[in-house]
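Please read it alongside the sequence and the model.

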Amino acid sequence: MDKTGFSHHISQQLNEKLEGIRDRVLAMGGLVEQQLAGAIAALVDGDAAAAQDIIATGQAINAMDVEIDESCVHILARRQPAASDLRLVIAVIKAVTDLERIGDEAERVGRMVQPLEQLEEQKDLLADIQSLGDGVCQTLHDALDSFARLDAEQAVAVARRDLDTDRRYEALITRVMQQMADKPAAVPSLMKLMWAA
């Protein structure tokens, strides 16, 4: 094994292409991390201008998704990679699809940003959304880190931690629904928070 974690190849060119793809996935992941954290902050702060920046970032993420996907298809078609490299290419294809989807969800959260005065009554829910979002951002960061290191144990730990995120999400949705029952006039704003969560 060389320092990158890829097996030695007869074709150094394939090795370089795989490293390049991994680097581009990590760059895309970093951009998605920024977009997600920014969307959560814009929602919690009621910052419409920041939300527009988050929405605009989506185009760059979509372009990266297409470019990485095309590179992977090119490797599959032209290089016919061996087992370990084939698994890497397939994992990359799945990962960039998920990263692009996370970017789409961050854009959607950006579109739900409401003026801060409309959010005054939901400060406690916004604090919960911030906490849930911080946990999700950390999970995304750790998932990308496990990919960068090709660390299977860390990847399994990240997947297990997602169960806690699911529980926190369900508790937040229960609170939002209770507030809807208690304050029918606030239902439109609460619906946006529920969809953002």
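The accessible surface of the chain comes to about 11,000 Å², and carbon and sulfur atoms account for 56% of that surface. Accessible areas come from the Shrake-Rupley method with a 1.4 Å probe, and for residues only the protein chains shown count as cover. The model is a predicted one, in which local features need pLDDT of at least 70 and side-chain atom pairs count only at pLDDT 80 or more, while totals for chains, interfaces and linings use all residues. Residues are numbered from 1 along each chain as its sequence is written, and side-chain values use heavy atoms, with hydrogens and water left out.

**Overall fold**

The chain holds seven helices and zero strands, and its elements run α-α-α-α-α-α-α from the N terminus on. Helices (H or I, at least four residues) and strands (E, at least two) are DSSP runs, numbered from the N terminus. The C-alpha trace spans about 65 × 30 × 25 Å along its principal axes. Of the 197 residues of the chain, 39% count as buried. Buried stands for under 20% relative accessible area, exposed for over 50%, and partly exposed for values in between (1.4 Å probe, protein chains only). Among contacts between residues at least 6 apart in sequence, 78% join residues at least 24 apart. Contact here means heavy atoms within 4.5 Å.

**Helix packing**

Axes are lines fitted to C-alpha atoms, for helices over the stretch in contact, and angles run from 0 to 180 degrees between N-to-C directions.

| Helix pair | Axis separation | Angle |
|---|---|---|
| H2 and H3 | 9 Å apart | about 165 degrees |
| H5 and H6 | within 10 Å | roughly 165 degrees |
| H3 and H5 | within 13 Å | roughly 160 degrees |

Angles under 35 degrees count as roughly parallel, over 145 as roughly antiparallel, 65 to 115 as roughly perpendicular and the rest as oblique. A crossing is left-handed if the near helix is turned anticlockwise from the far one by less than a right angle, and right-handed if clockwise. For residue classes, Ala, Val, Leu, Ile, Met, Phe, Trp, Tyr, Cys and Pro count as nonpolar, Asp, Glu, Lys and Arg as charged, and the others, Gly among them, as polar.

Helix H2 covers residues 48–79 and helix H3 residues 83–111. H2 and H3 are roughly antiparallel to each other, and their crossing is left-handed. Residues making this contact include Ala51, Ile54, Gly58 and Asp65 of H2 and Leu86, Val89, Glu100 and Arg111 of H3. By class, the contact of H2 with H3 has 14 nonpolar, four polar and six charged residues.

H3 also packs against H5, again in a roughly antiparallel arrangement and with a left-handed crossing. Leu88, Val92, Leu99 and Ile102 of H3 meet Leu140, Leu144 and Phe147 of H5. This contact of H3 with H5 has seven nonpolar, no polar and no charged residues.

H5 and H6 are likewise roughly antiparallel, with a left-handed crossing. Their contact is made up of ten nonpolar, eight polar and eight charged residues.

**Loop residues with positive phi**

Most residues other than glycine have a negative phi. Glutamine 80 has a phi near 45 degrees, a positive value in a residue other than glycine. Glutamine 80 lies in the loop between H2 and H3 and counts as exposed because its relative accessibility is 65%. Leucine 150, also not a glycine, has a positive phi near 55 degrees. Leucine 150 is placed in the loop between helix H5 (123–149) and helix H6 (152–182), and at 36% relative accessibility leucine 150 counts as partly exposed.

Alanine 148 belongs to helix H5 and, at 28% relative accessibility, counts as partly exposed. Alanine 148 and aspartate 23 are 125 residues apart in sequence, with 8.3 Å between their C-alpha atoms. Not counting residues up to four places away in sequence, alanine 148 touches Arg22 and Leu26.

Methionine 194 sits in helix H7 (residues 187–196) and counts as buried, since its relative accessibility is 17%. The C-alpha atoms of methionine 194 and isoleucine 129 are separated by 9.3 Å, the two residues being 65 apart along the chain. Leaving aside neighbours within four places in sequence, methionine 194 is in contact with Ile173, Val176, Met177 and Met180.
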